[in-house]
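Good morning, colleagues. I would like to take a few minutes to walk through one model.

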Amino acid sequence: MEIKHQIALVTGANRGLGKRFVTELLERGAARVYAAARKPESVDVPGAVPLRLDVTDDASVEAAAAVAGDVTLLINNAGVATLSSFIGSDLANARQEMEVNYWGSLRMVRAFAPILDLNGGGAILNVLSQSSFRAFGFADTYGAAKAAAWQLTNGVRLELAGQGTQVTGLAMALVDTDMSAWAKSEPGWSLADPADVVRAALDGVEAGALEVYGDEITREWRARLGEPTESLYPQAIGVPTGQR
């Protein structure tokens with residue numbers, strides 16, 4: 001898909017990676033870019049079309065689909081990370097991450113798949129994460145939601161192949177946005193430039209790629225998934241069992 005002349009919709013478009021997507025799409029000649037956010041008044045990219053959208057609300061998604069019936073490229077970017085653990089953290093955090101990162105993307109796909117079909121097939125880009133297929137031992141409730149979104153991406157790709165809809169997944173490690181601000185004070189973490197990640201993602205869409213990696217770390221880890229689990233997580237080997 002060539003980005004020029006496409007009609008795009010970006011969720012979570014008022015800041016961070018979403019805002020960068022809107023800017024890059026316009027720079028590449030997209031005919032219209034719906035910048036969707038819960039507070040559309042917070043969208044400040046010249047030339048974008050602000051659109052009220054809460055991906056966790058069925059009625060809001062349906063209303064957005066009624067307005068944006070000309071979309072040919074859907075970018076599911078809206079996301080939330082609570083930095084919660086499986087053990088010891090409030091379950092409400094894990095539910096929120098699943099609601100936004102997985103269910104939100106599924107709502108959008110279900111609402112816009114018929115629209116894309118009517119408009120010639122089009123494309124979907126789902127923003128995933130290295131955490132979709134890698135555990136870190138902390139903040140992994142976010143990874144579980146992104147893993148679900150990864151499987152959603154793979155399954156929808158097959159389900160929509162018959163209508164000619166291209167489905168691309170974007171995976172990356174930490175990106176220099178508000179969501180990853182916590183990592184700036186942590187030693188050993190590097191953050192990718194949002195502009196680089198977005199360029200790689202849209203280049204992938206234009207090239208017809210099924211999966212795109214925003215940085216080399218993610219590309220390398222993805223290639224390792226065929227290794228034994230013991231090789232991927234050596235820190236879990238030889239953990240002493242509890243004493244009765």
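I begin with Ala-139, which is buried, at 13% relative accessibility; buried here means under 20% relative accessible area, exposed means over 50%, and partly exposed lies in between, with a 1.4 Å probe and protein chains only. Ala-139 sits in the loop between E5 and H4, and its phi is near 55°, a positive value in a residue other than glycine. The element names refer to DSSP runs numbered from the N terminus, where a helix (H or I) has at least four residues and a strand (E) at least two.

Before going further, a word on provenance. This is a predicted model, in which local features need pLDDT of at least 70 and side-chain atom pairs count only at pLDDT 80 or more, while totals for chains, interfaces and linings use all residues. Residues are numbered from 1 along each chain as its sequence is written, and side-chain values use heavy atoms, with hydrogens and water left out.

Leu-83 is not a glycine either, yet has a positive phi of about 60°. Leu-83 lies in the loop between E4 and H3, and at 42% relative accessibility it counts as partly exposed.

Let me turn to charged side chains. Side chains of opposite charge can pair when their charged atoms come close. How many salt bridges does a search of the whole structure find? The search finds 13, a salt bridge being a side-chain nitrogen of Lys or Arg within 4 Å of a carboxyl oxygen of Asp or Glu.

I shall describe three of these pairs. Arg-28 and Glu-24 meet in a salt bridge at 2.9 Å, N to O, and both residues are buried. Arg-32 forms a salt bridge with Asp-70, with 2.5 Å between the closest N and O atoms. That pair links distant parts of the chain, 38 residues apart: Arg-32 is in strand E2 (residues 32-37), and Asp-70 is in the loop between helix H2 (58-67) and strand E4 (73-76). Arg-32 is partly exposed, with a relative accessible area of 33%, and Asp-70 is also partly exposed, at 27%.

Arg-199 has a relative accessible area of 35% and is partly exposed; Asp-196, at 39%, counts as partly exposed.

There is also a network of salt bridges, linking Arg-20, Glu-24, Glu-27, Arg-28, Asp-203 and Glu-206.

Setting aside residues up to four places away in sequence, Lys-146 touches Asn-101, Val-127, Leu-128, Ser-129 and Ser-132, contact meaning heavy atoms within 4.5 Å.

Next, helix H5 as a whole. H5 has 14 residues and spans 20 Å from its first C-alpha to its last, close to the 20 Å expected at 1.5 Å a residue; the expected span is 1.5 Å times one less than the number of residues. Its buried residues include Val-197, Val-198, Ala-201 and Leu-202. The buried residues of H5 pack against helix H1 (16-27), E4, strand E5 (123-127), strand E6 (166-171) and strand E7 (211-213). At the start of H5, a side-chain oxygen of Asp-193 reaches to within 2.9 Å of the backbone nitrogen of Ala-195. Just after H5, Gly-208 takes a positive phi of about 80°.

I close with the nonpolar cores. The largest has 30 residues, and those with the most contacts inside it are Leu-9, Val-71, Met-108 and Phe-112; a nonpolar core is a set of buried Ala, Val, Leu, Ile, Met, Phe, Trp, Tyr and Cys residues joined through side-chain atoms within 4.5 Å. Strand E1 (7-10), E2, H2, helix H3 (91-118) and H4 each give two or more residues to this core, and H3 gives the most, with 9. Apart from this core lies another, of 28 residues, among them Phe-21, Val-45, Ala-123 and Val-212.

Methods: A polar contact is a pair of N or O atoms within 3.5 Å; within protein, one must be able to donate a hydrogen and the other to accept it, and residues adjacent in sequence count only if both atoms are side-chain atoms.
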